[in-house]
Amino acid sequence: MKIRVALIDDHPIFIAGLKQLLESDDRYEVKAVAQSGEEARKSIDFNEVDVALVDVNMPGGSGIELIRFIK
């Protein structure tokens, strides 16, 4: 069973690199990507992911606020 991951960060190059790294390992599946907390809340079903990697400092709402929402 793969670990399902959501990546939330406002830096697209970082997201692309991390996604490529995770997908090169058969243990992980990147289920969702978002560039802001607002986008993540609207587009990601957090019941379908096991792990959310969240940037703490993002424009339009902090990663801490998003983690509280996820919890």
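This is a predicted model: local features need pLDDT of at least 70, side-chain atom pairs count only at pLDDT 80 or more; totals for chains, interfaces and linings use all residues.

Here are my entries on the sheet, the cores and a few single residues.

Entry 1: I started with the strands and found 3 of them in an open sheet, ordered β2-β1-β3, with parallel pairing. The edges are β2 and β3 (51-54), as each of these pairs on one side only. From one strand to the next, the twist averages 25°. Then I checked β1 against β3: they pair in the parallel sense over 4 bridges. Which residue of β3 does L7 face? I looked, and L7 stands opposite L53.

**Entry 2: the cores.** The largest nonpolar core has 11 residues, including I8, A32, F46, V54 and L66. Two elements, β1 (3-8) and β2 (28-34), each give two or more residues to this core. Another core lies apart from it and has 6 residues, among them V5, L7, L18 and L22.

Setting aside neighbours within four places in sequence, V54 is in contact with I8, G63, L66 and I67.

Entry 3: V49 is in the loop between α2 (37-43) and β3. Is V49 buried or exposed? V49 counts as buried because its relative accessible area is 12%, and the cut-off for buried is under 20%. Not counting residues up to four places away in sequence, V49 touches R4, V5, A6 and K31. I also took a C-alpha distance: V49 and V30 are 19 residues apart along the chain, and their C-alpha atoms are separated by 8.7 Å.

R27 is in the loop between α1 (12-23) and β2. R27 counts as exposed because its relative accessibility is 53%, and exposed means over 50%. Leaving out neighbours within four places in sequence, R27 is in contact with K2 and I3. For R27 and K42, 15 residues apart along the chain, the C-alpha separation is 27 Å.

**Entry 4: rings.** How many aromatic pairs does a search of the whole structure find? The search came back with 0. I did find a charge over a ring, though: the charged end of R41 sits over the ring of F69, 5.9 Å from its centre. That's my last entry for today.

Note on methods
Residues are numbered from 1 along each chain as its sequence is written. Side-chain values use heavy atoms; hydrogens and water are left out. Rings of Phe, Tyr and Trp (its six-membered ring) pair if their centres lie within 6.5 Å; planes under 30 degrees apart count as stacked, over 60 as edge-to-face and the rest as tilted. A charge sits over a ring if NZ of Lys or CZ of Arg is within 6 Å of the ring centre and within 35 degrees of the ring normal. A nonpolar core is a set of buried Ala, Val, Leu, Ile, Met, Phe, Trp, Tyr and Cys residues joined through side-chain atoms within 4.5 Å. Buried means under 20% relative accessible area, exposed over 50%, partly exposed in between (1.4 Å probe, protein chains only). Contact means heavy atoms within 4.5 Å. Two strands pair if DSSP finds at least two bridges between them. Axes are lines fitted to C-alpha atoms, for helices over the stretch in contact, and angles run from 0 to 180 degrees between N-to-C directions.
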